[in-house]
Amino acid sequence: MKLVLSDTALPLDFSQQADASYINLDELKIATCIGCFGCWTKTPSKCVIRDDATKVYPIIAKSEHVIYVSKLQYGGYDLPMKTMLERAIPTQQAFIRLVDGEAHHVQRNVPLKAATIIAYGNICQQEQAIFERLVARNAHNMNFASVRVIFTSEAQLETVVMEEVAAWKKS
Amino acid sequence: MEKILIINGSPRAKKSNSKQYGELLASYAQLESETVVITKRNHAEICQKITEYEHVVFVFPLYADSIPATLLQFLIVWEQHLTAQTSRPYFHAIVNCGFIEAMQNDVCIEMLQFFCQKNKLEMGSVLSIGSGEAILGTPFKVFVQWKIRQFARSLTQHRFKKYEITMPLTKKMYIKASTQYWINYGKRNGVTQAEMATMTIE
Ligand SMILES: Cc1cc2nc3c(=O)[nH]c(=O)nc-3n(C[C@H](O)[C@H](O)[C@H](O)COP(=O)(O)O)c2cc1C
């Protein structure tokens, strides 16, 4: 499975492809995580907030290739993507294991992923450096086997995404 | 005398660990303090309130290795208010993460520093807490109290510093203890360990 998860509309149509999804967060209704741990301790693997996020995290979970497209905010993901990533914790168990010597949650049925993160906007070098460190940390929690970060302007975004999607098709 | 505004940025503020960390701070601070909780609707109100304080302390959990959406949303609004204001409070933070390594908070702290720099705020003291979900229910709570006392003093004295605390356990012991913690959590909801460990999603 392949997934493009974006916080903005992109000219993508995977409707003819069974193994690829494109999700535009801007079209979905996703509330912020309330930190209730229901998805770990009450209804394991299911979020108690039954909004659009419950359709997205199963797709994130089963994808082996992901492209996340997000604007940046203070060196991290902007609100729409950050909100969704927080709502994806039903894909993990409450239980903790060591990954590279650090504590992290046990993943449920989540294959390792090759991830490409496309961060767009007016991004200074300092913000780039913070974001790269953030993504490196996320890699442990989000089961990324490999990850690449691409920075681009809003104007160049479509071109950059299209190049990445074309490279996928060849792989 | 200077005053402290403690801002709880946990999405489960009323039942949060952040609430308890904030209460400890309020009890040890030699300065007068008030606590507010970020909700969806009170952003503007808090922005206004901040102008009456010399110190703001954001108390919040680490979410997905960074700032929780609840607090991020507030910072974005506050940034707009700040452009029209000349006075700036000192910006302090108490961030707690679930995992034992307090350093898992470091990138989030860098993001806060970036926010401060961008908005011409002076970053003050930071307390980074590891195993923040569990530590208050263990005998190691005294270590947290001790660090929050130091943190409180640093505000009064304007000797800002980064503090760090976690449970002094080996990783193996931590994993064992955390497994038991979560099994008990499930049990209270009538959910077994096997059910919690389901591999199926949704
Ligand atoms: C959506 C979500 C994401 C989380 N992400 C992390 C994380 O990346 N690293 C970590 O150590 N703990 C993480 N935690 C655990 C919380 O930081 C921890 O439980 C904390 O004590 C909660 O504080 P609070 O009660 O003040 O909200 C996460 C919890 C939730 C609900």
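The model is predicted, so local features need pLDDT of at least 70 and side-chain atom pairs count only at pLDDT 80 or more, while totals for chains, interfaces and linings use all residues. Residues are numbered from 1 along each chain as its sequence is written, chains are lettered from A and ligands numbered from 1 in the order in which they are written, and side-chain values use heavy atoms, with hydrogens and water left out.

Trainee: What makes a residue count as near the ligand?
Mentor: One of its heavy atoms must lie within 4 Å of the ligand. There are 22 residues around the ligand, and B:Ser10, B:Arg12, B:Ser18, B:Asn96 and B:Glu133 come nearest. The ligand lies between chains A and B.

Trainee: How much of the ligand does the protein cover?
Mentor: The cover is 96% of the 650 Å² of accessible area that the ligand has on its own, by the Shrake-Rupley method with a 1.4 Å probe.

Trainee: How do you know what confidence chain B has?
Mentor: pLDDT is the predictor's confidence in each residue, from 0 to 100. Chain B has a mean pLDDT of 97, and 100% of its residues reach 70 or more. The model scores are ipTM 0.97 and pTM 0.97.
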